[in-house]
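Please read it beside the sequence and the structure.

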Amino acid sequence: QVQLVESGGGLVQAGSSLRLSCAASGRTSSIYLRAWFRQTPGKEREFVAGVDWSRSATWYAETVKGRFTVSRDNAKNTVYLQMNSLKPEDAAVYYCAASTFRYYSDSRSYNQYDVWGQGTQVTVSS
């Protein structure tokens, strides 16, 4: 069993930065992928960024490339999402996710991930 605990959400002005954190506990050796998703009312949960836990390969949504950076601290079993140059359209509930599936076909899909954090609100004012 894996548990995820998120922190770092808040209210910021457009153009500023936030750093989200997600610490994993439990059977962390079973995790192969870590990712961040976001969701606004009336929309499906959208992929933001992901990282392969063992090889540090990363993937980003086109809308956040060059502004967001996902990183990891293996010793702390923690992943981070550094969000710079925030835009009003970045406002959403951000979710930390983990996949324990050894084999996968789409690392950007909601259905790829079987462990989720509770979500943290990010609000960006203009």
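Leu18 has Met83 of strand E8 as its bridge partner. The model is a predicted one, in which local features need pLDDT of at least 70 and side-chain atom pairs count only at pLDDT 80 or more, while totals for chains, interfaces and linings use all residues. Residues are numbered from 1 along each chain as its sequence is written, and side-chain values use heavy atoms, with hydrogens and water left out.

**Strands**

- Helices (H or I, at least four residues) and strands (E, at least two) are DSSP runs, numbered from the N terminus.
- Strands E3 and E8 pair in the antiparallel sense over six bridges; two strands pair if DSSP finds at least two bridges between them.
- E1 and E3 also pair in the antiparallel sense, over six bridges.
- Within E3, Cys22 is the bridge partner of Glu6, and Ala24 is the bridge partner of Leu4.
- Strand E1, residues 2-7, has a covered face made up of Val2, Leu4 and Glu6. Its uncovered face has Gln3, Val5 and Ser7.

**Disulfide**

- The count comes to one disulfide, defined as a pair of cysteine sulfur atoms within 2.5 Å.
- The disulfide joins Cys22 to Cys96, with an S to S distance of 2.0 Å.
- Cys22 lies in strand E3 (residues 18-26) and Cys96 in strand E9 (residues 92-99), so the pair ties together parts that are 74 residues apart in sequence.
- The disulfide is left-handed, because the torsion about the S-S bond of Cys22 and Cys96 is about -85°.
- Both Cys22 and Cys96 are buried. Buried means under 20% relative accessible area, exposed over 50%, and partly exposed in between (1.4 Å probe, protein chains only).

**Pro88**

- Pro88 sits in the loop between strand E8 (78-83) and E9.
- Pro88 counts as partly exposed because its relative accessibility is 39%.
- Leaving aside neighbours within four places in sequence, Pro88 is in contact (heavy atoms within 4.5 Å) with Ala14, Val124 and Ser126.
- From Pro88 to Val122 the C-alpha to C-alpha distance is 9.9 Å, and the two are 34 residues apart in sequence.
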